[in-house]
Amino acid sequence: MSASQQVIELPHLRLAARVWGPEDGAPVLALHGWLDNASTFERLAPRLPGCRIVAVDLPGHGRSDHRAHPTYYLLDYVADALAATAALGWSRFNLLGHSLGASVAALAAGTFPERVERLALIEGLGPLAEEPEGAPQRLRGALERELRGVSREPRTYASVDEAAAARHRATGLPLDAARLIVDRALEEVDGRWRWRTDPRLRWPSRLRLSETQICAFLGAITCPARLVVADRGWSVDPELAAARQACVRDLEIVRLSGGHHVHLEDPDAVAAAFAPFLGAPPSPAH
């Protein structure tokens, strides 16, 4: 199954997207992880028959626009995701998310539960939390960083392969998988390659949700949800993970062998978990 390119015009910016599957397939909005892009689904999406998968580059990532304001706040991504489904003409849809994208998908499903048919998550069930007493110092640190601005020229590379090798060394992502993601994250300038990714994505958040708030979002999810967890994936406190999982009323956990990008490392196993789930007929209205 080959992919096509699409541009989604939102009121405030443009999102670039990769699209797989027939137009009449089950609508799936796919959301990638932090510093990744839509190509993270390049191996998984073709293995999900019966789905119309629109994988967007979140703002600041891939080929999408950067934000005009200086910070990337998690809840803004939720607004972007819902605006994208409105632009696509989807009243109800499925959500597929990895890592950061899984956090965004979970919050969106809790915010608009009547619009989300099914929720498919990879290596993520809600964002990092912070207790309220940490908010003043977090805001101070974020604002001080913003005042310093972007202080250096982006690093450049002689080739896409050289950039992929750098990503591989920095994150441990397998080299072939890094090559897929990096190719969409670069632009050529004067015969060399540099990141298109907005450097402000690395700046600290101004505010984080508390664990109580996150659990409230998870408790508001009404659709069936399925979470893929990799045995060598993101390290999460077991008690915290169990507490969050207990908040979601209809959640199935699928445990697989692999790293944080298990959907790139073993797409067949992840597809086996999600294909019948996402491609199932629509459920009655919630």
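Predicted model: local features only at pLDDT ≥ 70, side-chain atom pairs only at ≥ 80, totals over all residues.
**The aromatic pair.** The structure has 2 aromatic pairs. In one of them, the ring centres of Y157 and W195 sit 5.6 Å apart with the planes at 75°, and since an angle over 60 degrees counts that way, the pair is edge-to-face. Y157 belongs to strand β7 (residues 156–157) and W195 to strand β9 (residues 192–195), so this pair links parts that are 38 residues apart in sequence. As for accessibility, Y157 is buried at 4%, while W195 comes out partly exposed at 25%.

Here's how the individual residues discussed here look:

| Residue | Relative accessible area | State |
|---|---|---|
| Y157 | 4% | buried |
| W195 | 25% | partly exposed |
| S39 | 7% | buried |

**The loop serine.** S39 is found in the loop between β3 (26–31) and β4 (51–56). With a relative accessible area of 7%, S39 is buried. Leaving aside residues up to four places away in sequence, S39 touches L180, I181, R184 and L264.

**Helix α2.** This helix runs over residues 100–111, and at 1.5 Å a residue its 12 residues should span 16 Å; the end C-alpha atoms are 17 Å apart, which agrees. Most of α2 is covered, with 11 of its 12 residues buried. Among the buried ones are L100, V104, L107 and G110. So what covers them? The cover over the buried residues of α2 includes β3, α1 (74–88), β5 (93–98), β6 (116–122) and α6 (211–219).

Notes
Residues numbered from 1 in each chain as written. Heavy atoms only, no water. Phe/Tyr/Trp six-rings, centres within 6.5 Å; stacked < 30°, edge-to-face > 60°. Helix = DSSP H or I, 4+ residues; strand = E, 2+ residues; numbered from the N terminus. Buried < 20%, exposed > 50% of the residue type's maximum accessible area, 1.4 Å probe, protein only. Contact = heavy atoms within 4.5 Å. Expected span 1.5 Å × (residues − 1).
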